Amino acid sequence: MSSRQWGTVREDYSSDGDAWSYFPFEHSHLRAYRWGEDGIGGLCDRYGFLNVAVAMWNGKDPVLKERLFGLTNGEGNHGEDVKEYWWALDSTPTHSWMQLLYRYPQAEFPYAKLKEENAKRDRDEREYELADTGILDENRFFDVTVTYAKASPDDVCMVVEATNHGPDAAPLHLLPQVWFRNSWTWGRDSRKPTLRRLDPPELFASNLSAVECTHDFLGRIYVSAESVDQPTRVLVCENESNAAVLWHAQNETATTKDGVNQRVVHGDESAVAADGVGTKSAFWYVFDSVEPGQTVSVRLRMSPDQPGEDTFGSGFDAVLADRRSDAEAFYDVVLPNRLDDEERFIARRAFAGLLWGKQVYRYTVEHWIDGDPAEPMPPAERADRHARNATWRHLALADVISMPDDWEYPWFAAWDLAFHCVALAHVDPAFAKEQLLLLCREWAMHPNGQLPAYEWAFGDVNPPVHAWAAWQVYIIDGLRDRDFLIRIFTKLLLNFGWWVNRKDLDGSSVFEGGFLGMDNIGLFDRSAPPPEGCRLEQSDATSWMAFYCLEMLKISVALALEVKAWDECATKFLEHFLSIAQAMRRFGSRDISLWDDEDGFYYDVLVHPDRSYQRLRVRSMVGLLPILAVAHAPAWTAEHLPDFTARLRWLQARRPDLVDGLLDQSGDDGNHAMLSLMDPERLERVLSRMFDEGEFLSPFGIRSLSASYKEPYSTEVVGQQMEIDYQPGESRSFMFGGNSNWRGPIWFPVNVLLADSLRIYDDYFGNATTFEVPTGSGTRLTAAQAAADIDRRLISLFRKGPDGKRPSDGERIESSTDPLWDHITFSEYFDGDTGEGLGATHQTGWTALVAHLLCRRRTGGEIARSEPVKAAADYGGGTGH
């Protein structure tokens, strides 16, 4: 289940598009959600109808702790920010075994103080966190661990354990909750499920309490809660908005969504249904005094079988033991034997976060724009063709999707999802493939071929990494699922056409694209129209398209090895790549080049209406991305790809200008070729910048902006003075909400891509070519060794140093030597100098790529391959398999 449904675009029916204000946290316990649900450590069925999660109360909070609290984008000094501590501990891909830990303070949760203190801070100051309030001092908190184990796909055992780590006894109320998502109020489906408390004589067992959940689609499901000392009270209410409190209107039902909260926190017995019938329920366990070090626990079970005396018998414990054992056996296979204990811990926690990040995502844009029959009509502004997502009416999702972060980004993003899939492929390749295909399906991909970016603006442009991810997943899965390659390739042909038609408007093969995922990396907002009718020719957009071409070329080659008709597709992407490569060297009537020979770097170019131009001389990740576009064509190409080979020879004979960037060399097995945007000289010059510790190379990976801009770089752009400086930590800019920063920090996904590309260069160069790493050190490494060095730096973010601390923990409380804080936080990005994790705190998500780095470094030989399949892998290169 999502950790946050409030403040999302789906729940926003305002005229101004301010999703955070329209549905704030303060409404979340009072107001029924339209599109989803949220909770702590929660699960739901495949379609998000029936939900189970744990709530709790310490006897002091003004509301039940049912969901995680955080600041909105406008409240945080660096944008939205969750103010809680929790960790995904474990999960198998089938969710047969899952564990999550939530840390619950024993004192009253400081909602107001967190808002007030963060409001006082500017963008140069650190964020004010829950631990900074002092509420967790002396370990005055409960660690609440939620465990799920499946006896069968629809028989789920649940254990909630709470340990008092403080020095004094403290009270605790545990309230595992079960409820139906409200699907009946909106006027589109009047069928209403029922949730009914079972009482004797219907309830035969004396050692438990239970509710019967009846749903037209799911059928009948029983949720049972074991009694502790005395029968557990069952509270039931409706999952309906409390209109009287929210809007001073008449409630249509006797009880409302906040009924359990009103009963427990305020003692209002009328807030829950006397007859025990409704759509939301809670099992109310009260522990008046939990002693220091004591653990209290409750057990529940969700099953289609009617509860009985043996529901919590020995079989219950056997299920937990078996599923725990299954999980250990599974990861013993997934994780290479050569990993040490710390590396295994890192990888397993990364996979746990990634798997807990799978959520049901429901959003039908047409219904959202037009409104629901039983609800007030949405503001007319929402139907304007320029309004949010107005041109995406076809999009209708009700799918399980991997989310970037379960609180900060509880919605999919196209390029994030591609990176998730590469890590997911190590544990669940089938799901990884389904995810990549999902965004290409007719109910997601735009009819014009564009992939949906993210719900805040589906029409924004994310970098085209889908083909790369598909190729990586194909290789990780053993190079055997050609049907998957065909399905994804044919859909990506439509997407490739969209890029060419929409982002290369003058046919020059130099591309625009907007911010392309790197929010504030430029001197100005690259998603906004360029100044005064200028055109921004982007080094990164053009590099991404060259990269896209070569990934599509690799897939074409793999398919052509068995079906020769695909050979012509390889030829098509060869020619398109060569056109882009030529354009990167020069384009337009004035021979404007993205390459600056004096600086030895690639820059964006602002082209004025009169065709004069200005290079925007900012050394950033934008200028490193040309490294990505590389492919190695082995000697067997001539034999297996006759059309490709014939066309290449024709171009070499008649269009030598077009194949300028093609490198060719002879080996023992014949001629090898390399397709690259850069010749060896340019590559070495760019890498000398990238591996310079005074510029891009940090102890923990490659920075997004050169550290040489500690002294700000300033230049005039169309009569306006603009400035950019190196900001290794949080952003000091409000661009794109200010909650991410590409002006210095380290970002996992682009680092992984850069390292992979270096391995492909190594396939061609071998040991004959080396590069100085770090620049000026005198140490020379092959391209593959340099790639391994980047991997090592990234992994070191999560390894403990001599001081017992992880660099990624920085100065936060997680860096404490107290073993209770020995949990890894997988952040969105990392400080370019110190490695401290920043941005979203549960970005597993693409930061789970660390598990990919650890799992892919195998010794080889695990996968038996036919010669053609081996050939396909050789062509792609860079995988480490």
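**Exercise 1. Helix 10**

Decide how far helix 10 (residues 466-476) is enclosed by the rest of the structure.

*Solution.* Start with the terms: helices (H or I, at least four residues) and strands (E, at least two) are DSSP runs, numbered from the N terminus. A residue is buried under 20% relative accessible area, exposed over 50%, and partly exposed in between (1.4 Å probe, protein chains only). Next, list the buried residues of helix 10: His466, Ala467, Trp468, Ala469, Ala470, Trp471, Gln472, Val473, Tyr474, Ile475 and Ile476. These are eleven of the eleven residues, so helix 10 is largely enclosed by the rest of the structure. Last, look at what follows: Gly478 comes after helix 10 and has a positive phi, near 100°.

The model is predicted: local features need pLDDT of at least 70, side-chain atom pairs count only at pLDDT 80 or more, and totals for chains, interfaces and linings use all residues. Residues are numbered from 1 along each chain as its sequence is written, and side-chain values use heavy atoms, with hydrogens and water left out.

**Exercise 2. Overall form**

Compare the radius of gyration of the protein with that of a compact globule of 881 residues.

*Solution.* The radius of gyration is taken over C-alpha atoms, and the globule rule is 2.2 Å times the number of residues to the power 0.38. For 881 residues the rule gives a value near 29 Å; the protein has 28 Å, which agrees. The C-alpha trace spans about 90 × 60 × 55 Å along its principal axes. Of the 881 residues, 65% count as buried. The secondary structure comes to 21 helices and 34 strands.

Then take the contacts, where contact means heavy atoms within 4.5 Å. Among contacts between residues at least 6 apart in sequence, 71% join residues at least 24 apart.

**Exercise 3. Charges**

State how many positive and negative side chains the protein has, and how far apart the centres of the two sets lie.

*Solution.* Lys and Arg count as positive and Asp and Glu as negative; His and the chain ends are not counted. The place of a charge is taken as NZ of Lys, CZ of Arg, CG of Asp or CD of Glu. On this basis there are 88 positive and 135 negative side chains, and the two centres lie 3 Å apart.

**Exercise 4. Cysteines**

Find the number of disulfides in the whole structure, then examine Cys855.

*Solution.* A disulfide is a pair of cysteine sulfur atoms within 2.5 Å. The search of the whole structure finds zero. Cys549 is in no disulfide, and its nearest cysteine sulfur, that of Cys569, is 13 Å away. Cys549 has 0% relative accessibility and counts as buried. For Cys855, the closest cysteine sulfur is in Cys421, at 16 Å, too far for a bond. Cys855 is also buried, with a relative accessible area of 0%.

**Exercise 5. Backbone angles in loops**

Locate the cis peptide bond between Val773 and Pro774 and the one between Thr844 and Gly845, then describe His248 and Val718.

*Solution.* The bond joining Val773 and Pro774 has an omega of about -10°. Pro774 is in the loop between strand 31 (770-772) and strand 32 (780-782). The bond joining Thr844 and Gly845 has an omega of about 0°, and Gly845 lies in the loop between strand 34 (837-838) and helix 20 (849-856).

Turn to phi. His248 has a positive value near 55°, in a residue other than glycine. His248 sits in the loop between helix 3 (243-247) and helix 4 (259-266), and is exposed at a relative accessible area of 72%. Val718 has a positive phi near 50°. The loop that holds Val718 runs between strand 29 (713-717) and strand 30 (720-724), and Val718 is partly exposed, with a relative accessible area of 25%.

**Exercise 6. Two residues and their contacts**

*Solution.* Asp155 belongs to strand 8 (residues 155-164) and is buried, with a relative accessible area of 10%.

Arg685 belongs to helix 17 (residues 680-690) and is partly exposed, at 26% relative accessibility. Phe412 is 273 residues from Arg685 along the chain, and their C-alpha atoms are separated by 37 Å.
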